[in-house]
Amino acid sequence: MVVCTCAQTAPDTTITSVPDTLPAGVDTTRADTATRRDSLAGLLPGDIVSRRPLFSEGWVPDAGTPFYRQVLQRHPFFDFNTAAAAVRPDIRKREGKDLLFYVLTGMLLLFALLRQAFGKYFSDLFRVFFRTTLKQKQIREQLMQNQLPSLLLNIFFVASAGLYINFLFHRFGPVPVGDFWLMYLYCCAALCIIYTGKYVALKVAGWLFSMSQAAAAYIFIVLIINKVIGIFLLPVLAVLAFAGEPLYSAGLVISWCGIGGLLLYRFVLGYAAIRNEVRFNPFHFFLYLCAFELAPLLVIYKLLIVVFR
């Protein structure tokens, strides 16, 4: 029996050593260059991003100038010799609400001081507002005699209502003045002019028609409702100043409902107060409301639309 044994041919794993010394005449630089070209053959032309800088021939360094500066000035790929171009950075000015926070805090502090200093005045004010007492005329006379708290609360109403109107302008437009606080001053000044003119007109009308008592009663009702509106707007302003959606929209709707209800309540109280002084037709009172309450507001709004749009 003959057994044939077939041996596998092993791969040639012989490593040829490189001699330390090469024969004379062999150019090692060319061989190294060829090897480098083979290793870079798979790269794209765009993959090579830098080269060895080439300087002009015949350059003689200047002993009076630092050597590194001379090298940078003669760099073939980076222009260090030309003056840098001026680039204006895009600076973003962040407008915070710090001042608005301080203003609202000051208004809250003012209301707290008024509430603490004139507690009885506030008590009588809300008793007359909610008509919880039968001594309406007596309490009204007491409130009219306290000039200082009445004046301070009127100022508080102008401050809070002016800020509220300013928020409405910036929400719905048009905004006649770009600066927020300047627009706030204009709103406060407009409220002062409107209510001062209304006060003077009612006083003159009461004197002309011998109805001074009725005019005084209606002016008192108007000022009482304005004071309550100023107090009501204080938490609403905090919501409009710092809250986002949907709380902002909810605050607007609540403020509209509250102010609308207070104005309607003012008309009811005014009608009842004048009715006790003078006998008149309710239609005449409705004409007064349209002529002196609604028409001026519509005219002012239309004027703003025409002028600033």
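1. Basis. The model is predicted: local features need pLDDT of at least 70, side-chain atom pairs count only at pLDDT 80 or more, and totals for chains, interfaces and linings use all residues. Residues are numbered from 1 along each chain as its sequence is written, and side-chain values use heavy atoms, with hydrogens and water left out.

2. Fold. The protein chain has ten helices and zero strands; helices (H or I, at least four residues) and strands (E, at least two) are DSSP runs, numbered from the N terminus. Read from the N terminus, the order of elements is α-α-α-α-α-α-α-α-α-α.

3. Contacts. Counting contacts (heavy atoms within 4.5 Å) between residues at least 6 apart in sequence, 67% join residues at least 24 apart.

4. Surface and burial. The chain's accessible surface is about 22,600 Å², and carbon and sulfur atoms account for 64% of that surface. Areas come from the Shrake-Rupley method with a 1.4 Å probe; for residues, only the protein chains shown count as cover. Of the 309 residues, 28% are buried, where buried means under 20% relative accessible area, exposed over 50%, and partly exposed in between (1.4 Å probe, protein chains only).

5. Asn166. This residue lies in helix 6 (residues 147-172). Leaving aside residues up to four places away in sequence, Asn166 touches Phe180, Met183, Tyr184 and Cys187.

6. Pro246. The loop between helix 8 (212-242) and helix 9 (247-277) contains Pro246. The peptide bond from Glu245 to Pro246 is cis, with omega near 0°. Most peptide bonds are trans.
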